[in-house]
Amino acid sequence: MKKILITAALLTMSSSAFAGAPGGPNCGWGNMLFKGQTGTPSHIMASLTNGSTGNATFGMTFGTNGCSTTGALSYGGKEMVDVSMIMDEFSEDVARGDGEAMTAVAVSMGVEEQDRANFNRTLHTNFDRMFPSEDVTTEHVVATMFTVMEEDEKLAKYTVAQ
Amino acid sequence: MKKQLASLCAVWGMVFFVQAEPEANSTTPTIVTKQAVFLSAKQQAVASDPLWLKLLYYKGDINEGDVESFVDDDRFFFADNGKFDPQAEFIATLKAFKNEANSQCLFPARKKWLATQLPEVINSLPNTDCAEYDEWRKDLNTESVVMVYASSQLNSPSSMYGHTFIRFDPYNVEKHSTYLSHAINFGANIPPDVNSLAYTIKGLGGGYPGNFASNPYFEKIKEYNRAENRDLWEYKLNLTPDEVDLMLAHVWELRGINFDYYFFDENCAYRLLELIDIARPSSNLMAEFPGVVIPIDTIRVVRDKGLVDGEVHYRPSHRTHLDNQLNHLPKANRTLAVNLSEDINVRETDEFKELSIEQQQKIVHASYRLIRYLTNKEERSPEVSKRSFQLLKMIRKHSSILPPEPEQPFRPDLGHETTMMSVQVGESNDEIFTDITYRASYHDLLDNIDGYDNGMSLNMGTITLRVVDDSVQLQKAELLDITSLSPRKDYFAPWSWQANIGIERHWYQQEEDLAVQASGGGGVSWELFPEDRLYFMATGRVEYNEGLDNNWSVAPGIEAGYLLTSPLGKSIFKISQQVFIDGITRIGYQFEHSIAVSSEYAIRIHAKRNNNDDVDYDEFGLSARVYF
């Protein structure tokens, strides 16, 4: 229950950040897995021309897609990469059982090297729970990931904010 | 406060400046204490230190007092005339560091440099806590710096020269994930509704401000590998921890700071060289580029100066993955993959089911890549979403079967260099001639393909002088020449096109005339055998030629050609016809063959027949080309 409330708070936060920063597709927790990227064409145009698609005032908001300020969000107080920003890659990695996006999520949660294989295996095994349909939201994906990690003796500790 | 301190007193060859008390209490008059800091002439002289000049982007001759900073932003300077006066800026910086201690946090690299030059001065400065900067550094936790090259992409003129940016990797990144590394990019800050051509034109003249921007690296992967389908090449630099430290300190100083952005010289690649030069002044990379800066050339220089550490990492684009997966499938299976991406029920057909699980999975992988590729730039419909998800579940089911990985192609920095000179001897219309050609950049259809995309040609600034009968004449001056032969496949149908602007000599009615022309074409091309191209284009041409009846004319036309890559080199055969509206018809037949002797030298032969209003003239030539 507590987690849902926090998530709701995050939703509000990220959508307000989004409102202030145009051009940031795939932003926030509510993004649907397979919905694709609205707004991408103009983003593509900017980048075809080597334009600065990142944030130039990176003092305040270093590392941003115009959405979350650092490419990281906190979940239940736990800092981690904003999975919605790499959802395409992440879902594919979970299906395959390995990959850079999955490693990035693990690293951002502080999962130690010796537990990564287990992390990969656990997520991969639970693919159907994490991704029950094409309409799944990032929120569901992340919440379920936390649940399956909590169920694992070695991974449970990584779900707790340090 | 800055204004109060703007007047400096020079006493006996010394400068002292006065520190005002912070205006803590507005009810009492500001007390000016004469807590002077003395700078000797020797101390002042450090303002001409090369690193100081680099940190502030001064260009010009400091001895002549004729300097100006590339930075076009008041926030970067403490002195009012800091953009033009390194010494005033140096003194104003010291003053600011002393009087407004927080300003030290905005310019940590200047402070580091000061500490090496004038430790006694830096020790007298007030201490300050730079929490924001420290937090940023901690967040980056950088151990190494990587220079990333985004290769060119067919069909996008402004990407054809490639692009470079820098990535900061944390400790032990190989075991972790470069996804979370930070990328720093210098680019023009352009409005989102500007198209690519308009950008190029305006960018040539410095029409946009440029600035540094930061993204997590996964954003760059998405941008280049996925959205633009450009391969990434990652060159790890061997900077020492101190050098990395100074670079980061300086990058922090550039937040939101505007530079003028020029497409050809003061561009993304140029600004990155400056960063490396600041980190390691002895490398002096900037000295290698007095003029045009082509991104891949900067990679070459960085490599030649011994800055590249170990292996170069190749990160193929989604399109490269897709092509590779589809090309590995037998034709029947490739058709199945294309069909499956359009209709999930294909998996229920006997044709699919009869295949081994491994073959099925390779089809599924390719099909998934294809559907992602095709819907990359748009919002996916519910049907597409559903089909993608069904395919992903099939991948999950047999996850031990993986698709083939693309092999690393020829490294782009090892390809031929981008400036070219050639000498040609030949016979034209029964006269012997010698041609001298200089090409400023970059690559044509017959140049050695190693490290370049086949079917892509981009040349700017080509000039040919012809010596005939002891006289020298301008034969050709080409501003721009682009050809993009992007082959159509069973799953993808891109257009091919060309554009050319220049002056060229035409032989007509027994005399030669210089014609100024702009021409373009659009059409289709196919790859029949590996690395060949067969193309057809409709063309259009506008020409100013005093040999024409009205000086001006317009000519619609057609062109067909075949480009072949073989162990003997590259050849092209093409036929074109242009029908001018005032009645003249030009028909051209051309054969050209190029043999790459090495990445530096090539030999070419060509033969052509031009038919201009039923009069033929022929030309043959043999040329030697050197790339440098």
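## Exercises on a two-chain predicted model

Of the 162 residues of chain A, 59% count as buried, where buried means under 20% relative accessible area with a 1.4 Å probe and protein chains only. This is a predicted model in which local features need pLDDT of at least 70 and side-chain atom pairs count only at pLDDT 80 or more, while totals for chains, interfaces and linings use all residues. Residues are numbered from 1 along each chain as its sequence is written, chains are lettered from A in the order in which they are written, and side-chain values use heavy atoms, without hydrogens and water.

**Exercise 1.** Describe the make-up of chain A.

*Solution.* Start with the elements, which are DSSP runs: helices are H or I of at least four residues, strands E of at least two. Chain A holds seven helices and two strands. Their order from the N terminus is α-α-β-β-α-α-α-α-α. Next, take the accessible surface (Shrake-Rupley method, 1.4 Å probe): about 6300 Å², with 58% belonging to carbon and sulfur atoms.

**Exercise 2.** Characterise the nonpolar cores.

*Solution.* A nonpolar core is a set of buried Ala, Val, Leu, Ile, Met, Phe, Trp, Tyr and Cys residues joined through side-chain atoms within 4.5 Å. The largest has 92 residues, and B:F90 and B:M247 touch the most other members. Helix α11 (residues 268-279) of chain B supplies the largest share of this core, nine residues. A second, separate core has 66 residues, including A:M109, A:V111, B:Y179 and B:I363. Returning to B:M247, its contacts beyond neighbours within four places in sequence are B:V145, B:I166, B:F168, B:L239, B:L275, B:I276 and B:A279.

**Exercise 3.** Identify the buried residues of helix α5 (residues 108-117) of chain B and their cover.

*Solution.* The buried residues of this helix are B:P108, B:A109, B:R110, B:W113 and B:L114. Their cover includes α2 (50-55), α3 (86-99), α4 (103-106), α6 (119-123), α7 (131-140) and α10 (241-253) of chain B.

Conventions
Buried means under 20% relative accessible area, exposed over 50%, partly exposed in between (1.4 Å probe, protein chains only). Contact means heavy atoms within 4.5 Å.
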